[in-house]
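Open the model in your viewer and keep the selection tool ready. The stops below go one at a time.

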Amino acid sequence: MDKKHVYDMVIVGGGPGGYTAALYAARAGLDTLVLEKLSAGGQMAQTHQIDNYPGFEDGVDGFSLAEKMQKQAERFGAKSEYAEVSRLDLNADPKVLETSEGIFYGKTVVFAAGATPRELGVAKEAELVGRGIAYCAACDGMFYRGKTVVVVGGGNSAAADALLLSRIAKKVILVHRRDTLRATKIYHQPLMSRENIEFCWNSTVTELLHDDKLTGVRLKNVLTGEENTIECDGVFISVGRKPATDLVKGQLELDRSGYVVADETTKTTIPGVYAVGDVRTKLLRQVVTATADGAVAVHMAEEYLAGGA
Ligand code: NAP
């Protein structure tokens with residue numbers, strides 16, 4: 001790597017937002033680098049079936065879609081580097097990105113680091129990961145074939161996870177702290193009609209029961225205070241995501257939940273730095289909204305590089 005090389009754009013994160021920015025930037029003739037920790041796709045790569053990204057009439061698995069996005073950007077000259085970013089100096093000129101593979105420099109930075117699963121915050125949760133506690137049904141569901149699993153949460157992720165697991169596990173118990181799902185209506189009927197899905201409404205998990213691996217959960221009814229125990233082999237925690245914004249704390253403005261404050265322009269509080277995809281404050285976090293952000297960010301970056309704001 002040439003340490004003196006200054007890219008027009010360095011993109012942190014190779015998810016759908018990051019690789020769309022790479023595609024638009026490379027096509028616009030910008031010298032573009034994507035820094036990705038593991039492999040392309042981010043959260044999308046762990047999604048078994050994506051049915052709401054246009055252009056795939058039979059749906060597409062997230063891993064394949066990620067590969068396609070990466071190859072498409074690289075066809076126009078975008079480069080990818082597998083490196084973990086450890087420190088950013090976004091106010092410097094050029095902007096500095098310290099990584100496990102060395103230091104990179106960019107005239108502009110697209111921050112598209114995505115989000116990670118939110119923990120439930122119950123005792124022994126971390127210790128039992130891989131021994132009954134999981135955060136990704138598409139990744140770990142197959143380990144629970146013919147078994148009983150609990151899914152915690154009431155949003156789209158929990159609904160999608162419960163449906164996926166109902167095709168693998170013997171029984172799925174959806175535990176939600178309210179009496180209705182937050183998930184969009186499209187999930188309700190399929191969930192209710194699955195014979196092997198049960199619901200524990202108004203309930204929270206208060207304890208993880210285990211020997212060397214998970215054996216069950218203790219639940220508390222939030223209305224009555226009543227407690228009960230459920231035996232199960234696995235608990236899939238689907239209670240939302242937290243943005244991967246530790247790297248930019250103190251440099252970019254973050255909202256109370258830790259998302260980078262940026263509107264539809266994706267512009268952050270630092271000129272030449274753009275927040276794209278799930279890290280940004282936004283109404284709807286989807287693959288299609290992340291890709292849209294990537295395109296907008298490049299449009300804004302081109303204006304900035306040409307001497308605009
Ligand atoms: P979400 O929509 O924020 O839902 C999180 C769920 O977890 C909520 O039901 C919440 O309960 C519950 N929860 C949060 N903290 C909890 C705690 N400590 N204990 C128990 N329950 C807790 O998150 P998400 O489902 O991960 O979805 C994230 C984004 O991705 C959303 O924008 C979603 O639409 C999108 N997504 C879309 C699809 C799709 O099929 N289109 C699939 C997956 C995700 P309350 O309801 O009480 O707040």
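**A tour by selection**

Start at proline 94, in the loop between strand 4 (85-89) and strand 5 (95-99). Keep in mind that this is a predicted model. What kind of peptide bond joins aspartate 93 and proline 94? A cis one, with omega at about 0 degrees. Most peptide bonds are trans.

Next, select asparagine 202. Asparagine 202 sits in the loop between strand 11 (197-200) and strand 12 (203-210). Check its backbone torsions: phi is positive, about 50 degrees, although asparagine 202 is not a glycine. Most residues other than glycine have a negative phi.

**Two helices**

Select residues 16-27 for helix 1 and residues 62-75 for helix 2. The two pack with their axes 8 Å apart, at an angle of about 20 degrees. Helix 1 is therefore roughly parallel to helix 2, as that angle is under 35 degrees. Which hand does the crossing of helix 1 and helix 2 have? It is left-handed.

**The ligand**

- Arginine 182: a polar side-chain atom lies 2.6 Å from an oxygen atom of the ligand.
- Glycine 154: here a backbone N or O atom lies 3.1 Å from a ligand oxygen atom.
- Glutamine 286: a polar side-chain atom lies 3.3 Å from a nitrogen atom of the ligand.

Finish with the ligand's surface. How much of it does the protein bury? Taken alone, the ligand exposes 910 Å², and the protein buries 73% of that.

Technical notes. Residues are numbered from 1 along each chain as its sequence is written. This is a predicted model: local features need pLDDT of at least 70, side-chain atom pairs count only at pLDDT 80 or more; totals for chains, interfaces and linings use all residues. Side-chain values use heavy atoms; hydrogens and water are left out. A polar contact is a pair of N or O atoms within 3.5 Å; within protein, one must be able to donate a hydrogen and the other to accept it, and residues adjacent in sequence count only if both atoms are side-chain atoms. Accessible areas come from the Shrake-Rupley method with a 1.4 Å probe; for residues, only the protein chains shown count as cover. Axes are lines fitted to C-alpha atoms, for helices over the stretch in contact, and angles run from 0 to 180 degrees between N-to-C directions. Helices (H or I, at least four residues) and strands (E, at least two) are DSSP runs, numbered from the N terminus. Angles under 35 degrees count as roughly parallel, over 145 as roughly antiparallel, 65 to 115 as roughly perpendicular and the rest as oblique. A crossing is left-handed if the near helix is turned anticlockwise from the far one by less than a right angle, and right-handed if clockwise.
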